[in-house]
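Hi everyone, thanks for coming. Have a look at the model on the screen, and I'll talk you through a few things in it.

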Amino acid sequence: MSHKSSKEIRKVNISSSLESEDISLETTIPTDDVSSSEEREGTVKITKQLIERKELFHNIQLLKIELSQKNLMIDNLKVEYLTKIEELEEKLNDAIHQKQVLSLRLDSQLALQQEDARKHQALMKQEMETILLRQKQLEETNHQLRERAGDIRRSLRDLELTDDCYDKLKSLPEDQLSIPEYVSIRFYEVVHSLRKELSDLQMKKASLTEELSGYKSQLKGLTESYEDERRNRSELEVRCQRLTLELADTKQMIQQGDYRQENYDKVKSERDVFEHELSELRRKYEILEMSHKAQTKERNDLSKELATIQQSLNLLQKDKDYLNRQNMELSVRCAHEEDRLERLQIQLEDAKKAREEMYEKYVASRDHYKTEYEKRLHEELEHIRLKTNQEIEQLRSTSKEMYERENRNLREARDNAVAEKERAVIAEKDALRKHDQLLEQ
C-alpha cells in the first residue's frame, strides 16, 4: 500500500508540475502587437520550442505510465513467487514434522521390542539357573544315595540263600537267628517275590520300551514340526520387518507426490497378496495347532499312564524322571513359543490396522488441505484480479484526464499560435503598407 501511495503521489506531482509549466509557458507568450520582423521570428521560435517541449513532456508521461504498468506487473510476479515460496515452506515444515513423528514412533517401537527381548532373555536365564540348581541338588542326592548303597552293600554280602538253607533257617525260631541270617531270610522272601515280579516287569518293560521308541519317534516328529514352526515364525518376523520398511518407504513416496492416484492399484494388489499369504499362514498355523493339541493330549495321557506304572517300576525310575524332565522342559518351551507367536500375531494385526488408519488419515487430510489450498488460491487470484482491475481503471482515468488536459493545452496553444500568426500577418500588411507609403513619399 505504501508503494502504491508513493506512486500516486509521484503521478500527482508530475501532473501538477506539467500544469504549472503549461501555465508559465502560456504566460510567456506575448500578447502585444509586434511591429518588427525580429519580434515575429522570436515568437515563431518560441511557439515551436513550446510545441516540441510539450511533445517531449507527453512522451515522458507515456513512458512513465508504461514504467508504472511494468512495475505493477513486477509487483504481481513478486507476490506470486512469494506465495509459492510460502507454500513450499509449509510443505517442507509438514514433511519435517511427519519425519519427526515417524522417527519418534520408530524409536518407541524399537524400545518396546528391545524391552521384550530383554525380558525374554532374563526369563530364559532364570529358567536355566533353576534347572542347573535342580540338577546340582539331584546330583548331590544321587551321590549320597550311592554312598549309602555302598555301605549297605558292604555290610550285607552273600545274602542269597538256597531253598534248603531257607527251609532250615525258617524252621528255627527268630531269637536264635543272627542279623545276617534274618536279613537273608527276609531278603530271600522279598527277592523271590520280586524275581517273579521282575520277570513280569521285564515283559512289561519290553512292551514299554517299544512304546517308548514310538513316543520318541513322535517326540522327534513334534520337535521337527516345532522347528518348522519356529522357522515359519522367523520368516514371518522377517516379512513383518520388511513390511514395516515398505510401509515407511510408501509413506515417504506419499509425501513426495500424489501416491494415491499413481500407485493405488499397485498398493491394493500388494495388500491383497499379503492378505492371501496371511490367510494361508493362518490356515497352516491352525492345522499345526490342532495337530499339536492332539499330540499334547496324547503326551498327557502317556504321562498319566507312566505315573500309574511308576510304583511298580522302581528300576526304571531314573529313566522315567529324565523323560519327564525333558517333557516338562519341552512343554514349557512350547507354551512360551505359543505365547510369543500369539503376541507376534497380535502385533501384526495392530500394525496392519495402524497402517490402514494412517493411510486413510493421510488421504483425508490431503484432500482437506487440497480443497483449502484451492479455495484460498481462488480467493487470492480473485482479490488480485479485482485489485489489478481497480488499478488499471485508475490508470485509465488518470491517463484519460492527462490526455484531455494535454489536448486542451495544445488546443489553447494552437489557438494562441493562430492568433499570433494573424496578428503577425496584419502587422506585416501594415508594415508593407507603410513601406509603400514611405516609398511613394
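Quick definition before we start: when I say helix, I mean a DSSP run of H or I with at least four residues, and the helices are numbered from the N terminus. Okay, so take helix 5, which covers residues 259–308: E289 and K293 both sit in there, four residues apart, or about one turn of the helix. Those two form a salt bridge, with the closest N and O atoms 4.0 Å apart. E289 is partly exposed at 25% relative accessible area, while K293 counts as exposed at 55%.

Now let's zoom out. This is a predicted model, and the chain has six helices and zero strands. Mean pLDDT for the chain is 77, with 82% of residues at 70 or more. Over residues 1–41 pLDDT stays under 50.

In helix 4, E227 and R230 are three residues apart, and their side chains meet at 2.5 Å, N to O. What about E90, which residue does it pair with? That's R376, at 3.9 Å between the closest N and O atoms. E90 is in helix 2 and R376 in helix 6, so this pair ties together parts 286 residues apart in sequence.

One last thing: R233, E237 and E337 are linked in a network of salt bridges.

Terms used. Residues numbered from 1 in each chain as written. Predicted model: local features only at pLDDT ≥ 70, side-chain atom pairs only at ≥ 80, totals over all residues. Heavy atoms only, no water. pLDDT = per-residue confidence, 0-100. Contact = heavy atoms within 4.5 Å. Helix = DSSP H or I, 4+ residues; strand = E, 2+ residues; numbered from the N terminus. Buried < 20%, exposed > 50% of the residue type's maximum accessible area, 1.4 Å probe, protein only.
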